[in-house]
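Have the sequence and the 3D view open as you read.

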Amino acid sequence: MSNIIPIASDHAGFELKSKLVPYLEEKGYKIKDMGCYSSESVDYPDFIHPLAKEINEGVFPFGFIMCGTGNGVSMVANKYPNVRCALCWNKEISSLAKQHNNANIIALPARFISFEDAKEIIDSYLNNKFEGDRHQRRINKIPIK
């Protein structure tokens, strides 16, 4: 797994992202902060498209994104054919997103979870592995052919 994690947010996710970056760096990861860079209002697609494009192209194996609800950013990310973005609001959802769906982007709802929740969600994702087998068969059926 890559030691570099891309991370992006809109203004509603900026504060959470600002706390997660040093947390992940303390765990030994390097961070590619793809914006936004303040709590001033921005349009989330401007920051999520570049991150999702890099995941889609295999530049990075996974990344983290956030906005107020996590919905908008996950909708943008999931436009890319090789992206499986999961909206995660607790560690159990995050674990299953990795184990069963091989999610390669985790979307966090910054206005609805605490920093402690976010750390648990991210740690759960990082500490789990894709189970493959029947889950891979199902993932193979996701793309529109």
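## The sheet

What is the order of the five strands in the open sheet? The order is β2-β1-β3-β5-β4, and the pairing is parallel. Strands here are DSSP runs of E with at least two residues, helices are runs of H or I with at least four, and both are numbered from the N terminus. Two strands count as paired if DSSP finds at least two bridges between them. At the edges sit β2 (30-33) and β4 (85-87), each pairing on one side only. From one strand to the next, the twist averages 25°.

Zoom in on β1 (residues 4-9): β1 pairs with β2 in the parallel sense over four bridges. One spot to look at is P6, whose bridge partner in β2 is K32.

## Where the model comes from

This is a predicted model, so local features need pLDDT of at least 70 and side-chain atom pairs count only at pLDDT 80 or more, while totals for chains, interfaces and linings use all residues. Residues are numbered from 1 along each chain as its sequence is written, and side-chain values use heavy atoms, with hydrogens and water left out.

## Helix α5

Helix α5 covers residues 115-126.

## A lysine in α4

K98 is found in helix α4 (residues 91-101). Is K98 buried or exposed? K98 counts as buried because its relative accessibility is 6%. K98 and H11 are 87 residues apart in sequence, and 27 Å separates them C-alpha to C-alpha.

## The whole chain

The chain has six helices and five strands, running β-α-β-α-β-α-β-α-β-α-α from the N terminus. Its radius of gyration is 14 Å, close to the 15 Å of the globule rule for 145 residues, so the chain is as compact as a globular protein of that length. That radius is taken over C-alpha atoms, and the rule is 2.2 Å times the number of residues to the power 0.38.

Of the 145 residues, 49% count as buried. Along its principal axes, the C-alpha trace spans about 45 × 30 × 25 Å.

Key. Buried < 20%, exposed > 50% of the residue type's maximum accessible area, 1.4 Å probe, protein only. Expected span 1.5 Å × (residues − 1). Axes fitted to C-alpha atoms, helices over the stretch in contact; angles between N-to-C directions.
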